[in-house]
Amino acid sequence: MAELVRFSVAMPDDLLMQFDNLVARRGLAKNRSEVIRDLVREALVDEEWEDPLQEIVGTLTIVFSHHASDLQGKLDHIQHAYFGLITSSMHVHLDAHNCLEVIVMRGSSADVRGVADAILGVKGVKHGRLTATTTGRYL
Ligand code: NI
């Protein structure tokens with residue numbers, strides 16, 4: 001395990017107060033140092049998946065209308081076309097009118113973003129968001 005190095009950080013008191021609220025929300029197991037380490041790792045992961053050759057695992061969450069004509073068919077068509085990238089998907093019937101789908105993909109950052117954009121671009125998809133983590137590998 002890497003050696004821990006101490007350093008001091010200066011920040012405005014109101015920002016520190018908000019940060020301490022965040023630390024409290026993350027639970028008893030977390031202290032300021034651990035939350036700062038989490039935030040730094042998140043920032044580095046976000047930066048890493050900017051690289052198109054970086055392998056990532058992306059989770060795309062979308063919400064769409066159950067009633068839109070053939071929307072489910074179009075979404076399924078895209079997912080079958082890229083079956084090699086798609087690890088898993090889950091469909092949730094949110095209510096009488098709306099569906100939520102979570103699609104997990106693994107591949108190069110460029111490929112995963114491309115499929116996510118194709119799915120998000122289908123007419124009738126109300127909103128969606130791609131989040132990702134890197135595997136540390138390059139493809
Ligand atoms: Ni549904």
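Biologist: Happy to start with alanine 24: where is its place?

Modeller: In this predicted model, alanine 24 has a relative accessible area of 58%, so the residue counts as exposed. The C-alpha atoms of alanine 24 and valine 35 are separated by 9.9 Å, with the two residues 11 apart along the chain. As for its place, alanine 24 sits in helix 1.

Biologist: Thanks! How do helix 1 and helix 2 lie to each other: roughly parallel or roughly perpendicular?

Modeller: Helix 1 covers residues 13-25 and helix 2 covers residues 32-48, and their axes are 10 Å apart. The two pack at an angle of about 95 degrees. Angles of 65 to 115 degrees fall in one class, and helix 1 and helix 2 are therefore roughly perpendicular.

Biologist: Which class of residue has 7 members in the contact of helix 1 with helix 2?

Modeller: Helix 1 brings Leu16, Phe19, Asp20, Leu22 and Val23 to the contact, while helix 2 brings Arg32, Val35, Ile36 and Leu39. By class, there are 2 charged residues and no polar ones. The class with 7 members is nonpolar.

Biologist: Nice. On to the nickel ion: what is the spacing of its donor residues in sequence?

Modeller: The protein donors are His91 through NE2, His93 through ND1 and Cys99 through SG. They lie 2.1 to 2.4 Å from the nickel ion. Written as a pattern, the spacing of these donor residues is H-x1-H-x5-C.

Biologist: One last stop, aspartate 70: what value is its phi near?

Modeller: Aspartate 70 is found in the loop between strand 1 (54-65) and helix 3 (71-81). Its relative accessible area is 54%, so aspartate 70 is exposed. Its phi is positive, in a residue other than glycine, and the value is near 60 degrees.

Key: Residues numbered from 1 in each chain as written. Predicted model: local features only at pLDDT ≥ 70, side-chain atom pairs only at ≥ 80, totals over all residues. Heavy atoms only, no water. Axes fitted to C-alpha atoms, helices over the stretch in contact; angles between N-to-C directions. Helix = DSSP H or I, 4+ residues; strand = E, 2+ residues; numbered from the N terminus. Parallel < 35°, antiparallel > 145°, perpendicular 65-115°, else oblique. Contact = heavy atoms within 4.5 Å. Nonpolar A, V, L, I, M, F, W, Y, C, P; charged D, E, K, R; others polar. Donors = N, O, S within 2.8 Å, 3.2 Å for Na, K, Ca; no water. Buried < 20%, exposed > 50% of the residue type's maximum accessible area, 1.4 Å probe, protein only.
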